[in-house]
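Me: I would like to go through the terms used for this structure one by one, and to see what each of them rests on.

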Amino acid sequence: MMKLECVWSKQSLIGILFLLLSVIGYSQNETSKFQLGIHSGYFVAGDFKTTYDAMLGVDAEYVFYKKPKMNYLLIGSVATDIGGKGASLLAINMGIGARYDLISLWKKPVFIQLNVGGLYLREQFSTQLIKENIASTFSEFGVQGAVYVGYKILRDINFRIGVNQYNNKGTAIEVGVSYLF
Amino acid sequence: MYIHIIKNEWTSKYLLQYIKMCCLLIIFSSCTPEAEYIPIDDRIGALPKIIIDPINNPTSPEKIALGRALFWDPILSGNKDVACVTCHHPSKGYAEHIDLSLGVGGRGLSENREGGTLVKRNAPTILNTAFNGIGVTGTYDPLNTVMFWDNRSISLEEQSLGPILSMEEMRGDVYTEENAVAIVSERLSDIPVYVTMFNAAFGTNTIINGDKISKAIAAFERSLVANNSRFDQYARGNTAALTQEEVRGMNAFVEAKCTACHSGPMFTDFELHDLGVPDNSKLAIVDDGINGKFRTPSLRNLPQTGPYFHNGTIKTLRDAVGFYNRIEINDDAARELNFDGDMIDSIVAFLQALNDDDFDKTIPESVPSGLPVGGNIQ
């Protein structure tokens, strides 16, 4: 039963993500302070690379201080693994960030963004041994840092690509799309 | 104005969807992951707590004491300079920390040993050989199992006489292989303490012979058990026994299909495989095993029993694991390994959790023959 629920949740999640992506481009706003996005990452180094292929997550940002080219942000994100065999990973992050507009390309800014913050990680493992399946759960707190280069592809849509470091456990190449409002 | 209204509707509608999505993400990630199905023959698990004795050699404290005395006594060797323990010392995990053993004529212990006749294979540990032949069901017949790197003996009883017969290991050229057991038996019969010990172990007026010697040594070897590693504790239900990295390593070990050969409670299928291990340059003649094949070794107590593989050419545990990344594998099972270089550290961490340091490390003060304890190992 639990397995069925999980499969349903995963399908729903992906469906909603595509739906969200397909519609957010319609909206327009000049003075955006909030940003909601989705991101996915591929582990390229660290312990997590041994166990997981990729992460899929959602993130939110709020501009709490704004200068002509610089935005200071409060950030939060939740992400989970895709493709972990006998294992699952949940990462919840809260922190601050800074986004600086480097240049203007086709009248839209190319920016660089730096995020740092606290991180909660929870890993669950389940392994088939001779007599039974044995499950283990490990939780820990740590730090997360990320650096992105992004481009405002539409007036309310940011695209970004960068590197996200999950504590000392994994380094992921990450891409994300955000909706500003 | 119209756009602004649409915008608000879209925003509020999809903000709600977004919140739903976040909730689903958390719910989804909260599910306990489903363990990957592993065929029963490829599973790993804890060692039993109880050892099975062979029907014709039930254990007893007297028999173990006799076997221990024989194990430490160089009287069993031609020149009375090598004991079983010379190459299987408890301080070295009942193995030794050199690639190839130095037998007859050698001096010193393990990495400090010099001279002596070169033995063509690495001395494997005696720890847990009581469980040789055990399968995933936990059953095994101690009289019909496999011993040595080439599986040439079928029991500890049969194996225990092998080194006594071997010219390189213990016999030297003092007597022939055919006469070895008879001469050793005569030597023991001339020592009153041994006569008393054999009588206590096998009954009064026992005739000391190869059968009794082998059974006593086998009984002692069968008592050398290390079956409570942190992995064993984990497999028995104590999930706190392994660290996060070790559990990750265990999953990687299974995921990489190391269990195609290293399965069961002993982490071996006890089968012969050809992995293309490099030759040891110390050997004048290439050791080809059985058509290039050697038995899958147990992975238990590895930190204490290196160097690794049948000829000890791989020095560290990390290199032993990494070996599977770079060799041209000749074996069908090994060829299917899904090995990723990034897995090495995790797998090594897991393998170290198979270590159980709680075994008999006591050293007797003397042996009944009065010869140096353990032979020329000082």
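Me: At what angle do the axes of helix 2 of chain B and helix 9 of chain B cross, and within what distance do they come?

Reply: In this predicted model, the axes of helix 2 of chain B and helix 9 (residues 210–222) of chain B come within 7 Å and cross at roughly 100°.

Me: Why is helix 2 of chain B called roughly perpendicular to helix 9 of chain B?

Reply: Angles of 65 to 115 degrees count as roughly perpendicular, and the crossing is at roughly 100°, so helix 2 of chain B is roughly perpendicular to helix 9 of chain B.

Me: Which residues in helix 2 of chain B meet helix 9 of chain B, and how do they divide by class?

Reply: Helix 2 of chain B brings Lys63(B), Ile64(B), Leu66(B), Gly67(B), Arg68(B), Leu70(B) and Phe71(B) to the contact, where they meet residues in helix 9 of chain B including Ile213(B), Ala216(B), Ile217(B) and Phe220(B). By class, the contact of helix 2 of chain B with helix 9 of chain B has nine nonpolar, one polar and four charged residues.

Me: What describes the crossing of helix 2 of chain B with helix 8 of chain B, and which hand does this crossing have?

Reply: The axes of helix 2 (residues 61–72) of chain B and helix 8 (residues 192–202) of chain B come within 8 Å, with a crossing angle of roughly 145°, and the crossing is left-handed. Among the residues that meet here are Leu66(B) and Leu70(B) in helix 2 of chain B and Met197(B) and Phe198(B) in helix 8 of chain B; the residues of this contact divide into 10 nonpolar, no polar and two charged.

Me: Turning to chain A, how do you know that strand 2 of chain A and strand 3 of chain A are paired?

Reply: Pairing requires at least two bridges, and strand 2 (residues 54–66) of chain A and strand 3 (residues 70–82) of chain A have 12 bridges in the antiparallel sense, so they count as paired. The two strands form a hairpin with three residues between them, and Val58(A) stands opposite Val78(A) in strand 3 of chain A.

Me: What joins strand 3 of chain A to strand 4 of chain A?

Reply: Strand 3 of chain A is joined to strand 4 (residues 87–105) of chain A by 11 bridges, the two running antiparallel. In their hairpin, with four residues between the strands, Gly83(A) takes a positive phi near 85°.

Me: What order do the strands of the barrel follow?

Reply: Eight strands of chain A close into the barrel in the order 1-2-3-4-5-6-7-8, with antiparallel pairing.

Notes. Residues numbered from 1 in each chain as written. Chains lettered and ligands numbered in written order. Predicted model: local features only at pLDDT ≥ 70, side-chain atom pairs only at ≥ 80, totals over all residues. Heavy atoms only, no water. Axes fitted to C-alpha atoms, helices over the stretch in contact; angles between N-to-C directions. Left-handed = near helix turned anticlockwise from the far one by under 90°. Contact = heavy atoms within 4.5 Å. Nonpolar A, V, L, I, M, F, W, Y, C, P; charged D, E, K, R; others polar. Parallel < 35°, antiparallel > 145°, perpendicular 65-115°, else oblique.
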